[in-house]
Amino acid sequence: MSNSELATSYAALILADDGVEVTPDKLQTLFKAANIVDVESIWTTLFAKALEGKNVKDMLLNVGSGGGAAAAPTGSAGGGATETATEEVKEEKKEEEKEESDEDMGFGLFD
């Protein structure tokens, strides 16, 4: 990561921490206050557009949380839908079992 990217990242975090909207002008104002002159304006524009309408604090708090598993079908939808979903899961498991490991190929990591 270049110094320009790093400076823009930190400036965006400062603005988000203060609850201020991230805009190119506000990022440039922070750079001037910190005597940082070597940041190209493209970085401020990119970061401002990328963070537009997003809550940066929420993004930081949810970094490690991935998407949840698919919801299980309900019984009220009908028995056919549940059976189809179960068959799909079984087919996926069979496909995973078919994949060969390195041991099956006759060589290992340290051979």
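Let us begin with one residue. Met59 is found in helix α4, which covers residues 56-61. Please keep in mind throughout that this is a predicted model.

Is Met59 buried or exposed, or something in between? The relative accessibility of Met59 is 41%, so this residue counts as partly exposed. If we leave out residues up to four places away in sequence, Met59 touches Leu51 and Lys54.

Now the chain as a whole. The protein chain has 5 helices and 0 strands. Read along the sequence, its pattern is α-α-α-α-α. The chain has 111 residues, and 14% of them are buried. Its accessible surface comes to about 8,900 Å². Carbon and sulfur atoms account for 53% of that surface. As for contacts, take those between residues at least 6 apart in sequence: 48% of them join residues at least 24 apart.

Next, two helix pairs, starting with α1 and α2. At what angle do they pack? The angle is about 110°, and the axes are 10 Å apart. Angles from 65 to 115 degrees count as roughly perpendicular, and α1 and α2 are therefore roughly perpendicular to each other. On the α1 side, the contact is made by Ala7, Thr8, Ala11, Ala12, Ile14 and Leu15. On the α2 side, Lys26, Leu27, Leu30 and Phe31 take part. Sorted by class, the contact of α1 with α2 has 8 nonpolar residues, 1 polar and 1 charged.

The second pair is α2, residues 24-33, with α3, residues 41-50. These two helices pack at an angle of about 130°, and their axes are 8 Å apart. By class, the contact of α2 with α3 has 5 nonpolar residues, 4 polar and no charged.

Ser9 sits in helix α1, residues 3-17. Which residues does Ser9 contact, leaving aside neighbours within four places in sequence? The answer is Met1 and Phe47. Ser9 counts as buried because its relative accessibility is 17%, and the cut-off for buried is under 20%.

Met1, the other partner of Ser9, is placed in the segment before α1. With neighbours within four places in sequence left aside, Met1 contacts Leu6 and Ser9. Met1 has a relative accessibility of 72% and therefore counts as exposed.

Asn35 lies between α2 and α3. The relative accessible area of Asn35 is 68%, so Asn35 is exposed. What is phi of Asn35? Phi is near 60°, a positive value in a residue other than glycine.

Methods:
Residues numbered from 1 in each chain as written. Predicted model: local features only at pLDDT ≥ 70, side-chain atom pairs only at ≥ 80, totals over all residues. Heavy atoms only, no water. Axes fitted to C-alpha atoms, helices over the stretch in contact; angles between N-to-C directions. Helix = DSSP H or I, 4+ residues; strand = E, 2+ residues; numbered from the N terminus. Nonpolar A, V, L, I, M, F, W, Y, C, P; charged D, E, K, R; others polar. Buried < 20%, exposed > 50% of the residue type's maximum accessible area, 1.4 Å probe, protein only. Contact = heavy atoms within 4.5 Å. Areas by Shrake-Rupley, 256 points an atom, 1.4 Å probe, with all protein chains shown as cover. Parallel < 35°, antiparallel > 145°, perpendicular 65-115°, else oblique.
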